[in-house]
Amino acid sequence: MSTNGQIPFVLDGREVLARPGETILQSARRHGVAIPYLCYQDGMRADGNCRACVVEIQGERVLAPSCCRQPAAGMVVCAANGRARKAQRMVLELLLADMPPQPYREDSELHYWVRTLEMGTPRFAPARTEIGPNAAPDLSHPAMAVRLDACIQCTRCVRACREVQVNDVIGFAGRGAHSRVVFDLEDPMGESSCVGCGECVQSCPTGALLAASPGRRLAVSGAEAGARVVPTLCPYCGVGCQLSYHVRDNRIIEATGRWGPSNHGRLCVKGRYGSDYVHHPHRLLTPLVRHEGAAKDARALVDPAHPEQAFREATWEEALELAAAGLRRILERDGGQALAGFGSAKGSNEEAYLFQKLVRAGFGSNNVDHCTRLCHASSVAALLEGIGSGAVSNPVADVAYADVMMVVGSNTTENHPVAATFMKNAVERGARLILLDPRRHEMARFATHFLQFRPATDVAVLNAMLHTIIAEGLVNERFVAERTEGFEELRRRVVAYSPEAMEPVCGIPAATLREVARLYATSPASMIFWGMGISQHVHGTDNARCLIALALVTGQIGRRGTGLHPLRGQNNVQGASDVGLIPMVYPDYQPVSRPEVREFFETLWGRPLDPNPGLTVVEIMNAARAGRIRGMYIMGENPAMSDPDVDHAREALAALEWLVVQDIFLTETASFADVVLPASAFPEKTGTFTNTDRRVQLGRQALEPPGQARHDLWIIQEMARCLGLDWRYDGPADVWNEIRRAAPSLAGITWQRLEREHGVTYPCRAEGDPGDEVIFTERFPTPSGRGKLVPVDLTPGAEPPDEEYPYVLITGRLLEHWHTGAITRRAAVLDAIEPAAMASLHGQELARLGVEAGGALRLETRRGRITAIARRDDGIPRGAVFIPFCYVEAAANLLTNPALDPMGKIPEFKYCGVRIDAVRRARHSLARRQIGSRGAAP
């Protein structure tokens with residue numbers, strides 16, 4: 001008989017209660033009973049193959065693996081009696097006999113259980129096979145070492161790769177005594193399709209798979225003696241993975257995944273192996289002041305290894321006073337509209353809040369922005385217009401409840417790799433994936449429908465789906481009647497966009513367009529995700545309007561497994577926007593133009609505020625080039641690499657009368673600074689960060705800043721004091737308490753709760769509220785409570801290909817590198833995997849150009865030219881080329897078009913005409929080694 005749903009059974013002579021669904025092993029661990037196990041791992045399917053966890057169950061003839069058996073009421077289990085212990089010891093002894101003399105990691109689970117059961121030296125000789133003590137090490141991967149002499153064939157690595165991350169790289173070959181772990185078709189790990197997520201390393205119980213040191217020597221685990229473990233977050237994309245840094249002697253020696261609602265312990269290659277940038281020799285260690293007479297040349301960047309070329313070292317007192325004096329001079333002479341600030345989506349909420357407050361209260365203008373303008377500004381504009389909120393409706397993990405997932409314009413496995421694992425898990429349980437993208441990428445392997453449409457024809461595809469849903473009576477009429485407005489105008493406008501009419505525009509067969517429209521509309525729960533392939537167009541807002549309309553006319557929003565989710569780019573782009581680091585709104589998206597809102601913030605901040613929306617990122621650069629913006633304060637942003645038409649952006653920065661840059665490296669932008677202030681890297685600070693799920697999470701300081709580098713919060717406050725703002729915040733918790741007053745959606749999230757729970761989802765308006773993972777369940781936060789349907793028409797890309805520039809240029813990120821490469825290219829493993837700038841084209845296009853993979857290409861647009869290494873990728877459509885924007889030596893944004901979406905003010909990074917020519921020179925030796933590492937043909 002159960003007790004409150006729990007199962008009573010006897011374990012080693014005492015009655016205990018098992019929770020529903022719990023195995024004997026799990027229940028024993030919870031009750032403090034030690035049963036050895038090796039093939040079992042929390043969060044992973046139990047396999048029961050190692051037999052180390054066998055127990056005796058009364059009345060049964062054979063011993064049972066406790067990791068696979070669930071207790072039944074009245075069951076009597078013996079885990080430590082003579083029979084069970086003898087079997088457990090025998091398994092451990094046989095495995096130990098085949099181990100190398102010294103374990104490869106001090107926290108080897110096999111050796112832990114040997115010690116726990118007080119076992120001695122094995123009585124047996126080791127097996128002499130190619131997979132035993134004689135196995136040769138595989139050190140071919142920059143991040144991981146393979147030593148199969150320590151492999152016990154527990155299959156944890158296989159399950160981690162195939163079932164958790166769903167990468168299908170690790171398997172078994174051979175039979176019987178010759179069975180062994182292999183990568184792909186028994187390739188060296190470094191030459192396989194491994195993406196370096198390290199899930200196998202984290203799962204390996206013996207060190208057969210282990211993190212390799214930069215010098216390719218084997219390294220023991222960070223859990224070794226003397227290491228301090230700090231629970232914190234990954235500093236890269238918007239997924240917001242929780243991890244732990246293992247720290248010794250003020251250095252990060254390992255990063256391991258930690259369970260959190262956004263990652264379930266999973267990490268990608270960046271989160272696991274991308275933290276050593278904080279120890280790079282290019283770190284800024286002291287304030288810098290520009291030499292008198294050192295010219296700012298838009299065509300000549302300062303070498304970050306030799307800042308003395310343009311700068312001298314200074315004390316903090318001198319640097320802060322000089323920095324503020326230059327800004328004050330412009331403020332007093334030309335007014336606040338001549339100043340602007342760029343904050344960072346990689347800093348904390350507290351830093352972003354204080355930075356925008358400094359610009360508004362100290363400069364007296366709203367000329368403050370950050371990289372959301374270059375990522376999802378059009379998505380936010382459409383969402384605010386359509387449903388009254390720029391936030392996602394459902395978390396990524398809601399794919400567990402979805403029957404259909406539609407992913408549009410997102411290379412999810414590269415840009416949000418851990419989020420992609422949940423989507424792949426959903427496909428494996430039976431959900432269907434509709435993928436829409438001009439590029440065929442890894443997610444296409446899991447798609448039931450892949451629509452590879454022509455670049456910049458998103459509206460044609462989405463309007464054809466809307467036409468089908470309306471024409472075929474698939475509209476959720478009750479939802480439309482009760483919760484939307486504007487349907488009749490939408491119905492009228494999409495009449496002209498039948499799938500048959502759109503097929504020649506987008507290149508997708510009409511029958512396919514109809515099929516995916518029906519599938520999305522009729523499933524019990526459909527969820528839409530999109531990336532910058534949707535937003536970075538002059539019609540980006542229109543693209544997002546169509547996606548919003550799809551959700552609204554079908555009622556696929558406001559429930560588990562449904563909704564709208566623009567996947568956020570950087571780790572705190574959501575939070576930075578939430579706390580007001582954008583020019584037209586205060587914290588919580590309260591318009592600066594609304595008098596009652598402005599009066600509230602004038603009272604809160606004690607300063608008069610500008611009633612007019614400020615300039616956006618690209619507008620600020622244009623104004624600087626024209627001489628209307630004379631001074632800037634830039635914290636953690638790199639517009640000299642991230643802005644479109646980089647030559648123009650660098651000319652604008654060089655034209656500034658005064659520029660203050662706060663950063664951890666001498667970035668391309670810092671080359672143009674008058675004063676450079678050395679700041680703190682992510683692991684060196686404590687603060688809150690808001691991920692793509694609207695989850696506010698606590699990042700904790702793991703390291704002390706090097707040299708004279710200072711915490712960003714301290715620097716901002718010192719700058720504020722020099723500008724006449726008497727701020728006295730005791731630390732990030734103090735700033736967070738003010739944010740709670742400024743942003744009603746965050747008011748219920750206390751610092752103490754974050755310390756206790758690590759993360760809380762907003763809106764959370766009162767203390768004690770659980771926070772809402774799914775929003776818009778009953779109404780939208782619009783004046784009417786209804787969602788607004790906004791019909792759109794076809795708008796062509798601003799600069800289509802022509803005879804002179806015949807290819808379409810598509811830009812984006814790589815799995816291994818982040819944004820402008822300022823930090824990931826200083827991470828040894830990440831740069832070793834992808835060290836060289838490349839341009840990816842379809843194999844037939846390379847043949848037409850007469851270039852082999854590994855050869856050199858010159859790419860030129862109306863704005864600039866670069867040279868890159870050719871890479872074959874048959875997922876790129878004919879007539880297009882893809883280049884990443886993380887390589888300063890081949891900066892993609894020298895080529896991109898600065899034409900703006902009229903509403904979102906976002907540049908068209910994803911589309912412009914480009915000319916490509918072969919460069920007749922010797923193949924790049926490093927490129928030869930790298931060709932094919934991302935699945936390209938040789």
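This note walks through selected features of a predicted model, point by point.

1. **Salt bridges overall.** Side chains of opposite charge can pair when their charged atoms come close. In this model the count comes to 64 salt bridges. The next points take a few of these pairs, then a network.

2. **Arg45 and Asp47.** These two side chains form a salt bridge, with N and O 3.0 Å apart. How accessible are the two partners? Arg45 has 42% relative accessibility and so counts as partly exposed. Asp47 has 28%, so Asp47 is partly exposed as well.

3. **Arg123 and Glu93.** A salt bridge joins Arg123 to Glu93, and the closest N and O atoms are 2.7 Å apart. The pair ties together distant parts of the chain, as the two residues are 30 residues apart. Arg123 sits in the loop between helix H3 (109-116) and strand E6 (144-146). Glu93 belongs to helix H2 (residues 82-97). Glu93 is buried, at 9%. The cut-off for buried is under 20%, so Glu93 falls on that side of it.

4. **Glu109 and Arg156.** Here the salt bridge has an N to O distance of 2.8 Å. This pair also links distant parts of the chain: Glu109 is in helix H3 and Arg156 is in helix H4 (residues 156-164), 47 residues apart. Glu109 is partly exposed, with 23% relative accessibility. Arg156, by contrast, is buried, with a relative accessible area of 1%.

5. **A network.** Which residues are linked in a network of salt bridges? They are Arg329, Arg333, Asp334, Arg630 and Glu657.

6. **Arg115.** Helix H3 also holds Arg115. Its relative accessibility is 52%, so Arg115 counts as exposed. The cut-off for exposed is over 50%. Arg115 and Ile24 are 91 residues apart along the chain, and their C-alpha atoms are separated by 23 Å.

7. **Thr286.** This residue lies in the loop between helix H6 (269-273) and strand E13 (288-290). Thr286 is buried, with a relative accessible area of 12%. What does Thr286 touch, not counting residues up to four places away in sequence? Its contacts are Glu313, Ala314, Pro678 and Gln708.

8. **The E10-E11-E12 sheet.** Three strands form an open sheet in the order E10-E11-E12, and the pairing is antiparallel. Strand E10 (228-233) and strand E12 (251-257) are the edge strands, each pairing on one side only. On average, neighbouring strands in the sheet are turned by 30 degrees against each other, direction ignored. How many bridges join E10 to strand E11 (residues 242-248)? There are six, and these two strands run antiparallel.

9. **Strands around E35.** Strand E35 (residues 865-872) pairs with strand E33 (residues 838-841) in the parallel sense, over four bridges. Met838 stands opposite Ile869 of E35. Strand E34 (residues 856-860) also pairs with E35, but antiparallel, through five bridges. There Glu860 has Arg865 in E35 as its bridge partner. How many residues lie between E34 and E35 in their hairpin? The hairpin has four residues between the two strands.

10. **Helices H12 and H14.** Two packed helices are described by the angle between their axes and the distance between the axes. Helix H12 (residues 458-471) and helix H14 (residues 487-494) pack at an angle of about 110 degrees, and their axes are 9 Å apart. Why are the two called roughly perpendicular? Angles of 65 to 115 degrees count as roughly perpendicular, and the angle here is about 110 degrees, so H12 and H14 are roughly perpendicular to each other. Their crossing is left-handed. On the H12 side, Asn463, Leu466, His467 and Ile470 take part in the contact. They meet Phe487, Leu490, Arg491 and Val494 of H14.

Note on methods. Residues are numbered from 1 along each chain as its sequence is written. This is a predicted model: local features need pLDDT of at least 70, side-chain atom pairs count only at pLDDT 80 or more; totals for chains, interfaces and linings use all residues. Side-chain values use heavy atoms; hydrogens and water are left out. A salt bridge is a side-chain nitrogen of Lys or Arg within 4 Å of a carboxyl oxygen of Asp or Glu. Buried means under 20% relative accessible area, exposed over 50%, partly exposed in between (1.4 Å probe, protein chains only). Contact means heavy atoms within 4.5 Å. Two strands pair if DSSP finds at least two bridges between them. Axes are lines fitted to C-alpha atoms, for helices over the stretch in contact, and angles run from 0 to 180 degrees between N-to-C directions. Angles under 35 degrees count as roughly parallel, over 145 as roughly antiparallel, 65 to 115 as roughly perpendicular and the rest as oblique. A crossing is left-handed if the near helix is turned anticlockwise from the far one by less than a right angle, and right-handed if clockwise.
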